[in-house]
Amino acid sequence: MQREYLEDKEKINFKFEQNKEDFIVEELPRKFSGRGNFLILKVQKVELTTWDMIAAFAQFLNVSAEKIGYAGLKDKHATTTQYISIESKYEKALKKFKHSQIKILSITRDKYSIRMGDLEGNRFVINLFGVDKIEAGQIEKRALKSAKNGLPNYFGYQRFGRDEDSIEQAKSMIAGDLYIEDTKLKKFLISIYQSVFFNEWLKERVVLSREKNGGKFLLLEGDVYLSNEDKLFTPKNIPQKDFDAHKVVPTGLLCGRDVFRARGAAREIEEKYDDEFLYDKGLRRAALVFPQDVEFNYRNNFDILKVSFSLPKGAYATVFLENIANKNFTAKMVKSSLKKR
């Protein structure tokens, strides 16, 4: 599943690894009131999945894992900070909680439990290795340009599994050639199916933009836009000024039922990646995201460039790095990259 980017420049062969020292993720939460019947825990976990962390709390408190709210799943091979919610009646018990890979950093309160998607975005701090002075300058330039012009919002390689075998499973299930009984697995495979179509659609739009618009995303008549107020709409005229001002962003289709579809020239491309017979609910996803608060710290004597940046929810840090390197990464590549250092 090749991912293309808006500028086809020479590759930069830096390396990175997802581990607790070199890949740090901090959730950017919604605002909490400080009052209410739910405890909001700011939790740091190391080398654990979000599910493992929730299971540890559930076991300690002797409650169902479903009673613990969370906003999103965070990487296992990293140091990550995220927020979870639990009923306030467990406040006293939590004071005795201890775990070698989990630390409660702070506790506040809110009227509501945390639900999936209940966050603004994520802040990443990642060490890039094997970077000389010239490459450090190139990386900074490319990163800042993506912050200005937008980063294609692909689903990253993590979405599709280590060997991308889940893609074939998803296609077989949708075609009726594979029966899946497990409800959660079926839902996961459908999301994979939708994600594959989205990525292929986005790749075509990116290549078109590169060829026709000098590396800036090309807006088409009939595009469906997402406003800063999270509203979808299709304007009569292309809103170029609002797009340049980051007030609106074009969206791509996650195929399914009851979803807003593009029109005109935009639909001609979109319909190639649409399954109108898929019964599950469809969605739309921003075609581009705009990295914010991009910062760099170069350790000249060690050829290490620390890059820090924030992305909205659902966006992948590895896609940001692919855009800079102008090459695709895989789980196997990331895992083995530093063995050669």
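R159 comes out as partly exposed because its relative accessibility is 25%, where buried means under 20% relative accessible area, exposed over 50% and partly exposed in between (1.4 Å probe, protein chains only). This is a predicted model, so local features need pLDDT of at least 70 and side-chain atom pairs count only at pLDDT 80 or more, while totals for chains, interfaces and linings use all residues. Residues are numbered from 1 along each chain as its sequence is written, and side-chain values use heavy atoms, with hydrogens and water left out.

**Around R159**

- You'll find R159 in the loop between strand 7 (151-152) and helix 4 (165-175); helices (H or I, at least four residues) and strands (E, at least two) are DSSP runs numbered from the N terminus.
- Skipping neighbours within four places in sequence, R159 is in contact with F188, S191, I192, S195 and Y316, contact being heavy atoms within 4.5 Å.
- F188 sits 29 residues from R159 in sequence, and their C-alpha atoms are 9.8 Å apart in space.
- With S195, R159 makes a side-chain to side-chain polar contact at 2.9 Å. That term takes a pair of N or O atoms within 3.5 Å; within protein, one must be able to donate a hydrogen and the other to accept it, and residues adjacent in sequence count only if both atoms are side-chain atoms.

**T50**

- T50 belongs to helix 1 (residues 50-61).
- A relative accessible area of 1% makes T50 buried.
- Its contacts, leaving aside neighbours within four places in sequence, are K45, Y70, G72, L73, K74 and Q82.

**Nonpolar cores**

- The largest nonpolar core has 71 residues, and F14, I126, L128 and F309 have the most contacts inside it. Such a core is a set of buried Ala, Val, Leu, Ile, Met, Phe, Trp, Tyr and Cys residues joined through side-chain atoms within 4.5 Å.
- Helix 5 (residues 183-212) gives the most to this core, nine residues.
- Another core lies apart from it, with 19 residues, including V43, Y90, F97 and I102.
- Not counting residues up to four places away in sequence, F309 touches N122, R123, F124, I126, Q292, D293, V294, A317 and F320.

**Lining of the second largest pocket**

- Helix 3 (residues 133-149) supplies the largest share of this lining, with four residues.
- By class, the lining splits into one nonpolar, seven polar and five charged residues. Here Ala, Val, Leu, Ile, Met, Phe, Trp, Tyr, Cys and Pro count as nonpolar, Asp, Glu, Lys and Arg as charged, and the others, Gly among them, as polar.
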